[in-house]
Amino acid sequence: MLHVRLTETPQVLSIRRDDVISRGGYSVSASFRLLDRSGRQIMAGGAGLGSDFEISDSERATAVAREGARDRLMQYIAEEIRLQIATQYPSLNSPQSRQP
């Protein structure tokens, strides 16, 4: 069983001279614990990354940019956790390990 704890942090990265926010940021950090079938922890780790996005006059465009940044970060975090586990436990990637 895999337990993951995410922390998502929005940020203001850039403010124009007219005090309007022009760039936003988004960072995600994750910690995870891998448990065996008895509930004993067999591995722990973490990953984190940040991204930025353009804030425009259009609320819709800003929302799309923010969600795109978040989606990219979540994909990175998921892949990083997968790689950490696969490196530590290569047998988990074998076809035999997927059978019930």
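Tutor: The largest nonpolar core has 14 residues, and those with the most contacts inside it are Tyr 26, Val 28, Phe 32, Met 43, Ile 77, Ile 81 and Ile 85. S2, strand S3 (41–54) and helix H1 (59–88) each supply at least two residues of this core, and H1 gives the most, with six residues. The model is predicted, local features need pLDDT of at least 70, side-chain atom pairs count only at pLDDT 80 or more, and totals for chains, interfaces and linings use all residues. Residues are numbered from 1 along each chain as its sequence is written, and side-chain values use heavy atoms, with hydrogens and water left out.

Student: Why is this set called a nonpolar core?

Tutor: The name applies because a nonpolar core is a set of buried Ala, Val, Leu, Ile, Met, Phe, Trp, Tyr and Cys residues joined through side-chain atoms within 4.5 Å. In soluble globular proteins, nonpolar side chains tend to be buried together.

Student: What does Met 43 touch, not counting residues up to four places away in sequence?

Tutor: Met 43 touches Phe 32, Arg 33, Leu 34, Gln 84, Ile 85, Gln 88 and Tyr 89, where contact means heavy atoms within 4.5 Å.

Student: How do you know whether Ser 27 is buried or exposed?

Tutor: Buried means under 20% relative accessible area, exposed over 50%, and partly exposed in between (1.4 Å probe, protein chains only); the relative accessible area of Ser 27 is 18%, so Ser 27 is buried. Ser 27 sits in strand S2 (residues 21–35), and, leaving aside neighbours within four places in sequence, Ser 27 is in contact with Thr 7, Glu 8, Thr 9, Gln 11, Leu 49, Gly 50 and Leu 73. Across the chain of 100 residues, buried residues make up 23%.

Student: What makes Arg 70 and Glu 8 a salt bridge?

Tutor: A salt bridge is a side-chain nitrogen of Lys or Arg within 4 Å of a carboxyl oxygen of Asp or Glu, and the side chains of Arg 70 and Glu 8 meet at 2.7 Å, N to O. This pair links distant parts of the chain, with Arg 70 in helix H1 and Glu 8 in strand S1, 62 residues apart. Arg 70 is partly exposed because its relative accessible area is 25%, and Glu 8 also counts as partly exposed, at 32%.

Student: Which residue forms a salt bridge with Arg 82, and why are the two separated by about one helical turn?

Tutor: The partner is Glu 79, with the closest N and O atoms 2.9 Å apart; Arg 82 and Glu 79 are three residues apart in helix H1, and therefore about one helical turn separates them.

Student: How do you know whether Arg 40, which meets Asp 36 in a salt bridge, is buried or exposed?

Tutor: The relative accessible area of Arg 40 is 53%, so Arg 40 is exposed, whereas Asp 36, at 21%, is partly exposed. Their side chains meet at 3.2 Å, N to O.

Student: Why can Leu 2 be called partly exposed?

Tutor: The relative accessible area of Leu 2 is 42%, and therefore Leu 2 is partly exposed.

Conventions:
Helix = DSSP H or I, 4+ residues; strand = E, 2+ residues; numbered from the N terminus.
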